[in-house]
Amino acid sequence: MTLTVLYSNNLGLEVTFAQSLKDPNLQLTPAYTGFTSPTGIAFLDDSGQNILVIEKKGDVRLISNGVLEETPIKHFDVNSQSERGLLGIEVMKENNSTLVFLYMTIDDPQFQGDSSGETLRNRVYSFEWNGNDLVNQKLVLDLPGTPGPNHNGGKLVLGKDNTLYTIIGDLNHRTKLQNFADGGDPDLTGSIFRIDPLTGQAPSDNPFSDSDVPNVDKTFAYGIRNSFGLTVDPLTGTIWDTENGPSFSDEINIVAPGFNSGWRSIMGPSASDDDIENLVSLSQNSNYSEPEISWAEPPALTDIEFINSSNLGDDYADNILVGDYNNGNLYFFRLNDDRSGLDVEDNVIDTENENDNFVLGTGFGSISDIETSPDGAVYVLSLETGTLYKIT
């Protein structure tokens, strides 16, 4: 099935994208259009008809009862230079209330947390959804924002135990978190964090919660260059991410507690045991594992999502979709029988034919989010076309 979408880019030029899926049994429709650089979506209830969509420059849009409201319900004054902006969203049901979490890059002139004088921060805030608006804003997690302006991360996801995970890139820092043995102390960069979503505090079973090293009690994993994808296996609760390499080796990883992803020493498969032994260990809980798969030539991987539904068929249920930025491809990967990795023969994609074996869909522009709806459909969000596509 092939769709064609015509849209105007930032230069006012009309650009045509033809979206297609390789599987003729799947249906693809452009469910909602007209967004400006959308970065994420979240479902507010079990109907699948009430959705929040965030846009990079700070607007929050509401799809109410299946209809996209014309006026944003909220605007945040974010810094949207390069990879900064309104970057991540997650929804949590707490008793009879609905909590919404947003990750954004803001300038806070009152910030006085260090001696650098820099006031740009990446922050996670929680809000209550009152049926029409986001209210009762609370700071949940405060992270660096400079120098950047890239590698801000931003994805948010709830674990099976309702802890909140988020990810930040290295912001071009060089500390022990980037595996420089003589680098600065951990500074909340290049990491995945796991926190209590109600308090922002570190759960007592975090891998470094008892460490004497500063700034690591909320840390779940580190050694990450940058990432636009974070997800949870709905069956096992295992965390997975995508990671962006420099000019080589985009990765898909299983993220165990205390995982050191290897950057800036290792991207893609390690070259030798010495490379692994020389990684910086924050404690006895630090651990390294090879990528589940990597690309020799990076497609600029974006989001990763488990298809938490059987509506697309048994072959797809509880397996993985991944998007990219450079090609507008939607990739599909099956897990092995014990869900300890991907069902692949070769863990390095280094030819076009190998890559094509995993491509399920094409022509999406740059994919920024993939989500399974409560009604079992899969939604794919395009940053470039400003369209939310539905797969059934």
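Analyst: Two strands pair if DSSP finds at least two bridges between them. Strands are DSSP runs of E of at least two residues, and helices are runs of H or I of at least four, both numbered from the N terminus. The structure is a predicted model, in which local features need pLDDT of at least 70 and side-chain atom pairs count only at pLDDT 80 or more, while totals for chains, interfaces and linings use all residues. Residues are numbered from 1 along each chain as its sequence is written, and side-chain values use heavy atoms, with hydrogens and water left out.

User: Why are β6 and β8 called paired?

Analyst: β6 and β8 (residues 74-75) share 2 bridges, so they meet the requirement of at least two. Their sense is antiparallel. One of the bridges sets Val 60 against Lys 74 in β8.

User: What other strands pair with β6?

Analyst: β5 is joined to β6 by 4 antiparallel bridges, with Val 53 opposite Arg 61 in β6. β7 (residues 67-68) pairs with β6 in the antiparallel sense over 2 bridges, and Ser 64 has Val 67 as its partner there. In general, strands of a sheet pair through backbone hydrogen bonds, either parallel or antiparallel.

User: What is found in the turns of these hairpins?

Analyst: Between β5 and β6 there are 3 residues, and Gly 58 in the turn has a positive phi of about 115°. Between β6 and β7 there are 2 residues, and Asn 65 takes a positive phi near 50°.

User: What makes a group of residues a nonpolar core, and which residues touch the most other members of the largest one?

Analyst: A nonpolar core is a set of buried Ala, Val, Leu, Ile, Met, Phe, Trp, Tyr and Cys residues joined through side-chain atoms within 4.5 Å. The largest one here has 20 residues, and Leu 52, Val 60, Val 100 and Leu 102 touch the most other members. Two or more residues come from each of β5 (51-55), β6 (59-64), β9 (86-94), β10 (97-107) and β11 (120-129). β10 gives the largest share, 4 residues. In soluble globular proteins, nonpolar side chains tend to be buried together.

User: Which residues does Val 60 contact, leaving aside its neighbours within four places in sequence?

Analyst: Contact means heavy atoms within 4.5 Å. Among the residues that Val 60 reaches are Leu 52, Ile 54, Pro 72, Phe 76, Leu 86, Leu 102 and Leu 134. Lys 74, the bridge partner of Val 60, is also in contact with Val 60.

User: Which peptide bonds are cis, and where are their prolines?

Analyst: Cis bonds include the one joining Thr 146 and Pro 147, with omega about 0°, and the one from Gly 148 to Pro 149, with omega near 0°. Pro 147 is in the loop between β12 (134-144) and β13 (156-158), and Pro 149 is in the loop between β12 and β13 as well.

User: What makes β19 a mostly covered strand?

Analyst: In β19 (residues 250-255), 6 of 6 residues are buried. Asp 250, Ile 252 and Ile 254 point one way, while Glu 251, Asn 253 and Val 255 point the other way.

User: How many bridges join β19 to β18 and to β21?

Analyst: β18 (residues 239-243) pairs with β19 over 5 antiparallel bridges, with Ile 239 set against Val 255. β21 (residues 293-295) is joined to β19 by 3 antiparallel bridges, and Glu 251 has Ser 294 as its partner.

User: Why do β3 and β27 count as edges of their sheet?

Analyst: The sheet is open, with 4 strands in the order β3-β29-β28-β27 and antiparallel pairing. β3 (28-33) and β27 (367-372) each have a single partner strand, so one side of each is left without a neighbour in the sheet. The twist averages 25° from one strand to the next, where axes are lines fitted to C-alpha atoms (for helices, over the stretch in contact) and angles run from 0 to 180 degrees between N-to-C directions.

Technical notes. Buried means under 20% relative accessible area, exposed over 50%, partly exposed in between (1.4 Å probe, protein chains only).
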